[in-house]
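Here is a short report on charged side chains. Look at the sequence and the structure first, then read on.

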Amino acid sequence: MVFCIIGLVIFGILGLFSAKYRRYFRESLHCMRRQLMLKACDTQFDQEMKSKISAKIGKGSPGLARFVFRRFAMLTWILLIIMLVSAAFIAYGFYSFVVYGNCNGPNSNDFCIYNALLTRSVEDKTAAIKPLEVDGNPTIGSLDAPVKIVEVGCFICPFTKKAEIFRQQILNKYGENVSFTFRIMPLPYHNFSSETAEAAYCALDQNMYWEYHDKLFEYQSSMSIQKLHDIAAELGMDTTQFDNCFDSNTYVEKVRKDYDTGVAAGIFATPTYFVNGRTFVGLKAFSDFENVVASEMEASCSV
Amino acid sequence: MNTDKIRKDFPLLEKNIVYLDSACMSLKPRPVVEAMNDYYYNYPSCGERSAHRLGKKVTEEYETARKKVARFVGAKQEEIIFTRNTTESINLVANSLKLKPTDTIITSDKEHNSNFLPWLKYHHVIVPTCNGRFDMAAFRNTVNKNVKVVSVVHTSNIDGETFSVKEIGETAHDQGAVFMIDGAQSVPHKETDVKKIGCDVMAFSGHKMLGPSIGCLYIKKEIAEDMEPFMVGGGTVQDVVNGKPIFLKPPEVFEAGLQNYAGAIGLGAAIGYLESIGMKNVEKHETSINKIITEGLSSIKNVTIIAGSPEERGCIVSFNVSGIDSKELAIMLDSYNIMVRGGFHCCHNWFNTHGISGSVRASLYLYNNEVDAEKFVAAVKKVATLGK
């Protein structure tokens with residue numbers, strides 16, 4: 001039983017590369033199935049493996065082979081425990097990668113193998129994105145600024161929320177040299193992504209867009225329709241106007257267009273940044289922005 | 001006997017393989033494969049039915065093969081029946097002799113399951129073996145007029161011991177019993193003459209004697225004529241009138257349906273091959289290789305060989321290494337390119353009765369040589385260090 005589990009994993013992987021291991025994979029699968037049905041494994045798979053492994057080792061090191069042969073059951077248990085612990089770590093790493101973007105946890109920038117493995121496809125997809133312009137979307141700063149940053153984000157996306165701090169840091173550091181535009185791309189798999197976008201446009205009607213924008217991120221984890229109305233009241237907006245705007249679905253079509261525009265441009269994750277047309281996908285370190293903005297400013301000086 | 005020349009007829013041996021599992025299935029020399037290919041390429045037709053020239057050619061070759069088999073075991077052509085294997089041959093006899101469930105059948109405790117299980121539906125009496133040998137005294141005390149069949153193995157597939165079948169047969173005949181022998185391990189390895197042995201029935205297989213998968217059954221004419229066919233159908237009747245069949249005579253009456261013509265023709269070629277070498281030479285050669293193996297294994301401290309001397313065991317060396325299961329040992333030897341069998345060799349009753357949990361069996365044939373024996377001993381020496 002123990003070796004069947006180990007064999008299933010090991011030969012399953014090896015079988016992807018070489019047909020000779022597929023027979024062993026099938027045998028371990030067969031044994032596993034029988035064991036799960038509380039029947040004895042009728043192929044003597046573990047016996048075969050024990051003998052083959054011991055004989056192979058015995059050709060080079062008889063002493064080690066004797067040890068393996070006599071303590072095979074114990075060794076397979078140890079191997080199984082190591083495998084299970086490794087599997088738990090891999091699962092945790094994958095979970096962290098999906099949720100936090102890094103397999104080492106929320107506050108780590110250490111090396112992550114998934115990043116390395118997925119880099120190639122992300123690079124390809126990034127290269128395929130067509131840059132989006134300001135196009136009349138809410139902007140801080142002058143449109144004549146030498147560096148124009150356009151962020152495409154979703155109010156319910158946790159990565160967009162995390163990236164919010166960069167906006168303030170960039171504006172503080174580069175002042176009039178940069179403009180910052182936020183384009184909405186409501187991700188359909190997040191609840192309230194469209195509703196928050198519609199509410200933000202209703203706030204724009206009252207010139208309260210950025211205040212409302214900030215509040216949406218502040219209340220991201222506890223978002224509800226009622227919360228959208230409450231935020232308007234909290235910010236001292238004309239709630240009657242807001243309610244009329246929101247409840248009559250004024251911006252449903254615009255928000256849908258925002259999403260379609262993002263998809264057509266090839267955007268596959270939020271936040272996505274365009275710095276003078278150069279594309280950056282995902283949550284970045286502030287230093288990455290500093291370098292890009294600095295180089296763009298330098299480029300604008302030399303023109 | 002020129003083993004180097006013989007080995008060239010077996011392409012597998014060029015692949016650095018030491019094949020020591022011939023008691024289960026022998027290798028096939030080129031002439032056997034060529035004879036079968038000739039059938040499949042040039043006259044793959046029905047025998048004993050079709051009147052066209054291909055059909056006639058099949059019938060001719062099939063009957064020639066029967067004639068060769070008959071000559072090889074000292075029988076008449078019409079006394080040889082082709083079957084699938086030894087197992088089917090014995091089942092045919094067990095189900096075609098006019099026996100009642102209360103009739104007594106005697107076998108030894110050392111029988112292959114194929115000569116043990118078919119008799120369980122009758123009053124089955126088991127004669128023990130002592131140090132691997134058939135207990136004649138116990139047999140004489142057991143056999144009486146109620147015994148209808150005495151069926152014993154000629155040469156054991158466990159350890160290669162050969163029973164004194166002539167003596168057993170005489171005792172059986174004294175009591176009026178039919179005497180049958182399982183010749184699966186004797187016919188391929190030593191001169192066998194059913195008349196000299198005095199047996200009434202003998203079953204054996206082609207695939208253990210350089211031939212393809214096919215079984216043979218010798219039944220003495222008078223006994224065969226008194227048997228009722230176990231399986232009937234096409235090829236077993238002369239005519240069917242008003243729903244009543246007029247059966248053919250043996251051997252055709254026992255060969256229902258289309259036969260394994262290629263198998264029979266291949267077996268004919270295998271017999272020709274063995275006859276060209278001479279069965280005495282085959283036996284002598286196997287014993288000499290067995291001596292080398294026995295001597296080598298005896299020098300390994302945790303190895304136990306089952307039963308007697310190399311002369312008694314002929315083509316088989318059965319042994320155990322303490323601390324290593326026989327199947328595990330066989331798998332380990334596979335890693336050294338050595339093919340042997342481990343386990344109970346289909347003789348569960350004997351192993352269980354004697355409290356032995358299987359054995360490793362190295363079985364020899366004419367294509368094995370001294371180098372095979374030395375490689376085998378060296379490999380066993382190496383893996384035996386893993387045991388106790």
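## Charged pairs and a charged patch

A:Arg167 is buried, with a relative accessible area of 6%. Buried means under 20% relative accessible area, exposed means over 50%, and partly exposed lies in between (1.4 Å probe, protein chains only). This is a predicted model, in which local features need pLDDT of at least 70 and side-chain atom pairs count only at pLDDT 80 or more, while totals for chains, interfaces and linings use all residues. Residues are numbered from 1 along each chain as its sequence is written, chains are lettered from A and ligands numbered from 1 in the order in which they are written, and side-chain values use heavy atoms, without hydrogens and water.

What does the side chain of A:Arg167 meet in a salt bridge? The partner is A:Glu164. A salt bridge is a side-chain nitrogen of Lys or Arg within 4 Å of a carboxyl oxygen of Asp or Glu. A:Glu164 is buried too, at 12%. Both residues lie in helix α7 of chain A (residues 158–174), three residues apart, about one turn of the helix. Helices (H or I, at least four residues) and strands (E, at least two) are DSSP runs, numbered from the N terminus.

Helix α12 of chain A (residues 252–265) holds another pair, A:Arg256 and A:Glu253, again three residues apart. Here A:Arg256 is partly exposed at 45%. A:Glu253 is partly exposed at 44%.

Chain B has a pair that links distant parts of the chain, B:Asp200 and B:Lys220, 20 residues apart. B:Asp200 sits in the loop between α7 (194–197) and β9 (201–205), and B:Lys220 in the loop between β10 (215–219) and α8 (221–225). B:Asp200 is buried at 3%, whereas B:Lys220 is partly exposed at 27%.

| Salt bridge | N to O distance |
|---|---|
| A:Arg167 and A:Glu164 | 2.8 Å |
| A:Arg256 and A:Glu253 | 3.1 Å |
| B:Asp200 and B:Lys220 | 3.6 Å |

How many salt bridges are there over all chains? The count comes to 30. Salt bridges can also form a network, as with A:Arg23, A:Glu27, A:Glu48 and A:Lys52.

Now the surface. A:Arg66, A:Arg70, A:Arg71, B:Lys301 and B:Lys388 form a positive surface patch. Patch residues have over 30% relative accessible area and no salt bridge, and like charges are joined within 9 Å. B:Lys301 is exposed, at 81%. B:Lys301 lies in the loop between α10 (279–298) and β13 (303–305) of chain B.

Terms used
Patch = residues over 30% accessible without salt bridge, like charges linked within 9 Å, V, L, I, M, F, W, Y side chains within 5 Å. Areas by Shrake-Rupley, 256 points an atom, 1.4 Å probe, with all protein chains shown as cover. Lys, Arg positive; Asp, Glu negative; His and termini not counted. Charge placed at Lys NZ, Arg CZ, Asp CG, Glu CD.
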